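I opened the model to look up its salt bridges. My notes follow the display.

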Amino acid sequence: NHVLKKDRSGWFLGYRILEILNLIEKQEYDWIDMKLESFRKHLQLFNEKQVGRSKSILRLLYALSRQGFDFSKFRQTDATLIQSLEQARDENYWDPMGYELVRVQDWVKRSAFQPLT
């Protein structure tokens with residue numbers, strides 16, 4: 001917990017995002033709810049401006065979870081979540097030198113067309 005409070009750069013947020021994406025790809029859904037809730041609580045350590053995009057990613061991952069990780073269904077019902085990340089404006093700005101190593105909207109789009117194995 002001490003390390004989490006010192007990480008103001010956001011790199012640990014990037015780690016958490018990658019961890020959740022990996023769990024989804026490996027279809028280890030038992031851990032997802034706990035990891036999403038942990039991620040949500042971690043975001044509370046930062047001010048709003050620092051984590052606007054991360055909160056959007058969290059909303060997208062919660063929506064994907066509600067759809068049972070059915071990417072096709074998710075893309076049909078929650079396309080606005082993907083679009084807001086794609087536009088990368090204001091709080092959803094994507095920093096190419098930042099902590100989001102895999103652009104989540106690109107990952108969702110690829111995953112919707114390729115079966116996860």
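Entry 1. I began with Lys35, which forms a salt bridge with Glu19; the closest N and O atoms are 3.0 Å apart. A salt bridge here is a side-chain nitrogen of Lys or Arg within 4 Å of a carboxyl oxygen of Asp or Glu. I located Lys35 in helix 3 (residues 32-43) and Glu19 in helix 2 (residues 11-25), 16 residues apart, so I noted the pair as a link between distant parts of the chain. Helices are DSSP runs (H or I, at least four residues), numbered from the N terminus.

Entry 2. I noted the ground rules: this is a predicted model, where local features need pLDDT of at least 70 and side-chain atom pairs count only at pLDDT 80 or more, while totals for chains, interfaces and linings use all residues. Residues are numbered from 1 along each chain as its sequence is written, and side-chain values use heavy atoms, with hydrogens and water left out.

Entry 3. I turned to Glu37 and Arg40, whose side chains meet in a salt bridge at 2.4 Å, N to O. Both residues lie in helix 3, 3 residues apart, about one turn of the helix. I looked up accessibility: Glu37 is partly exposed at 28%, and Arg40 is partly exposed at 30%. The scale is relative accessible area: buried is under 20%, exposed over 50%, partly exposed in between (1.4 Å probe, protein chains only).

Entry 4. I found Arg53 and Glu100 joined by a salt bridge, 2.4 Å from N to O. Arg53 lies in helix 4 (residues 48-66) and Glu100 in the loop between helix 6 (79-87) and helix 7 (104-113), so the pair ties together parts 47 residues apart in sequence. Both Arg53 and Glu100 are buried.

Entry 5. I logged the count by this rule: 4 salt bridges.

Note on methods:
Helix = DSSP H or I, 4+ residues; strand = E, 2+ residues; numbered from the N terminus.
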